[in-house]
Amino acid sequence: MSSEEGKLFVGGLNFNSDEQALEDHFSSFGPISEVVVVKDRETQRSRGFCFITFTNPEHASVAMRAMNGESLDGRQILFDTTTG
């Protein structure tokens, strides 16, 4: 199994959402190995999307089905699977 199989792209994030808050929220779907909020190189501000990697790909699928289009921190989030 590739570690990429449990990796999700999460878009539409509130610009104030951070890695810890996202991990706290999404860990209810299963163990997470990594959360990376993508930031602007110059300002270090969030660009409004992240990658969340679950240790089990099935947990990623459950999270995506449960949360796609839902509101998180006042913003509607959208998912996509990614291969890196």
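Me: Which residues in helix α2 are buried?
Reply: Pro57, Ala60, Ala63 and Met67 are buried in α2, which spans residues 57-67. Buried means under 20% relative accessible area, exposed over 50% and partly exposed in between, with a 1.4 Å probe and protein chains only. Helices (H or I, at least four residues) and strands (E, at least two) are DSSP runs, numbered from the N terminus. This is a predicted model, where local features need pLDDT of at least 70 and side-chain atom pairs pLDDT 80 or more, while totals for chains, interfaces and linings use all residues. Residues are numbered from 1 along each chain as its sequence is written, and side-chain values use heavy atoms, leaving out hydrogens and water.

Me: What caps the N-terminal end of α2?
Reply: Asparagine 56 does, with a side-chain oxygen 2.8 Å from the backbone nitrogen of glutamate 58. After α2 comes glycine 69, with a positive phi near 85°.

Me: Switching to rings. How many aromatic pairs are there?
Reply: A search of the whole structure gives 5. Rings of Phe, Tyr and Trp (its six-membered ring) pair if their centres lie within 6.5 Å; planes under 30 degrees apart are stacked, over 60 edge-to-face, and the rest tilted. One of the pairs is phenylalanine 9 with phenylalanine 51, edge-to-face at 5.8 Å centre to centre and 65° between the planes.

Me: What does that pair tie together?
Reply: Phenylalanine 9 is in strand β1 (residues 7-11) and phenylalanine 51 in strand β3 (residues 46-54), so the pair ties together parts 42 residues apart in sequence. Phenylalanine 9 is partly exposed at 27% relative accessible area, and phenylalanine 51 is partly exposed at 21%.

Me: And phenylalanine 26 and phenylalanine 79, buried or exposed?
Reply: Both are buried. Their ring centres are 5.9 Å apart with planes at 75°, so this pair is edge-to-face. Phenylalanine 26 lies in helix α1 (residues 19-26) and phenylalanine 79 in strand β6 (residues 78-81), so the pair ties together parts 53 residues apart in sequence.

Me: Which residues touch the most other members of the largest nonpolar core?
Reply: Leu22, Phe26, Ile52, Phe54 and Ile77, out of 18 residues. Such a core is a set of buried Ala, Val, Leu, Ile, Met, Phe, Trp, Tyr and Cys residues joined through side-chain atoms within 4.5 Å.

Key. A polar contact is a pair of N or O atoms within 3.5 Å; within protein, one must be able to donate a hydrogen and the other to accept it, and residues adjacent in sequence count only if both atoms are side-chain atoms.
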